[in-house]
Amino acid sequence: MTFDVELVRKDFPILERRVQDDKPLVYLDSAASSQKPRQVIDAMSEYYEHHHANVHRGVHTLAEEATALYEGARDKVARFINADRREVIFTKNSSEALNLVANVLGWAGETYGISRGDRVVITQMEHHSNIVPWQMTAARTGAELAWLGLTDGGRLDLSNLDEVVNERTKVVAVVHVSNILGTLNPVDAIVRRAHEVGALVVVDASQSAPHLPLDVRALGADFVAFTGHKMLGPTGIGVLWGRAELLEELPPFLGGGEMVETVSMETTTYAPIPHKYEAGTPPIAEAVGLGAAVDYLTALGMENVAAYEHELLAYAIDRLKQVEGLTIIGPDTAEDRGAAISFTLESPALGAIHPHDVGQVLDEQGIAVRVGQHCARPVCVRYGVPATTRASFSVYNTKADVDALVEGLEYVKRFFGA
């Protein structure tokens, strides 16, 4: 199919909003959270209006309908990422999914468990959600935490990969696409080295699942996490995919209802996967919404989405390079890059303009960007910047949005005396 962005935009009611003294909304903050198409909003309303009940626990009509919708969403996600449905675990977001893996590996037995003397490897590019859980697990178990650094150009430095990922390594956790640099990482090389030494690989796909075809089998990792609200779905739902043999072997994360098979006062046996990892009432309406978002992206075609966004990204990088005083933090070409661009801005009169000031003045023009450290402070430290301004794109953005951003940045410089 041909990707028609104007037709796509009509599906997103929020894009009709006027803000800041009746200016059209230019939404460039999809890496933080994407907007929702009418199809997702309607699916969740339909669920609440006609089908709501708790799942897996009743034989009445509503309970059976709710269960079918919830489990149907699991089927949709499984097809979307080329997985067995038993391997798809619903969580509340990527952070919970990554915490789940970090904790159960810390609790596991000898085969997969992290213990004193083992090594856990992360990268300097990670979102805090893929740093802090591993720091906590390493501190609790006595394992060593090591990491891969960054090149000056915003890529992972793999020159010492074989040294960092050594025979003591139990797990390597790596982001697929950086939320701050936009870098698309060579996960295949990392997986290959990790598996050579018997280590597991955990991939944070929060910024790739919404924008690129994601085949977990082809990716080769052992666990993959992503979140619904960045891929046109609702907040409050994420996904952890894990290889079935690992999920079956590892201990559960949370205890409670629905994750059990039998319970006595002395002991408990656990339900089969995926329910073993879904304690309590799950995010039912949110799963329905995520299923609708998956339907929407599938209808667009992820190859079409990736091609369109790559073209838009290339245009944006070219246009931003024309802004005097602007420095892109991260790769400055569209090659092996995702749909987010972080930058700093300087005024000839005042020097560096703080990103918070950039964001506030852009907001007055109706342009929504993200400012700060983007939950990736080690990246800011590596490149010697206190924070950045980030523009990020999704299926509903256009070259006109990019042009508005560039015009807005020129206004920012004038505002601060350039």
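**Ground rules.** Residues are numbered from 1 along each chain as its sequence is written, and side-chain values use heavy atoms, with hydrogens and water left out. Because the model is predicted, local features need pLDDT of at least 70 and side-chain atom pairs count only at pLDDT 80 or more, while totals for chains, interfaces and linings use all residues.

I looked up the strand order and found 7 strands in an open sheet, 4-10-9-8-7-5-6, with mixed pairing. Strands here are DSSP runs of E of at least two residues, helices are runs of H or I of at least four, and both are numbered from the N terminus. Two strands pair if DSSP finds at least two bridges between them. Strand 4 (88-91) and strand 6 (144-148) stand at the edges with a single partner strand each, so one side of each lacks a neighbour in the sheet. The twist averages 20° from one strand to the next.

I then checked strand 5, which is joined to strand 7 (residues 169-175) by 3 bridges, the two running parallel. Val120 has Val171 in strand 7 as its bridge partner.

Axes are lines fitted to C-alpha atoms, for helices over the stretch in contact, and angles run from 0 to 180 degrees between N-to-C directions. Helix 3 lies across strand 4, strand 9 (223-227) and strand 10 (238-242), at about 120° to strand 4.

I found Ala63 in helix 3 (residues 61-81). Ala63 is buried, at 0% relative accessible area; buried means under 20%, exposed over 50%, partly exposed in between (1.4 Å probe, protein chains only). Leaving out residues up to four places away in sequence, Ala63 touches Ala53, Asn54 and Gly58.

I placed Asp118 in the loop between helix 4 (94-107) and strand 5 (119-123). Asp118 is buried too, with a relative accessible area of 12%. Beyond four places in sequence, Asp118 touches Gly113, Ala143, Glu144, Arg168 and Lys170.

Lys399 lies over the face of Tyr315, 5.2 Å from the ring centre. A charge sits over a ring if NZ of Lys or CZ of Arg is within 6 Å of the ring centre and within 35 degrees of the ring normal.

Key. Contact means heavy atoms within 4.5 Å.
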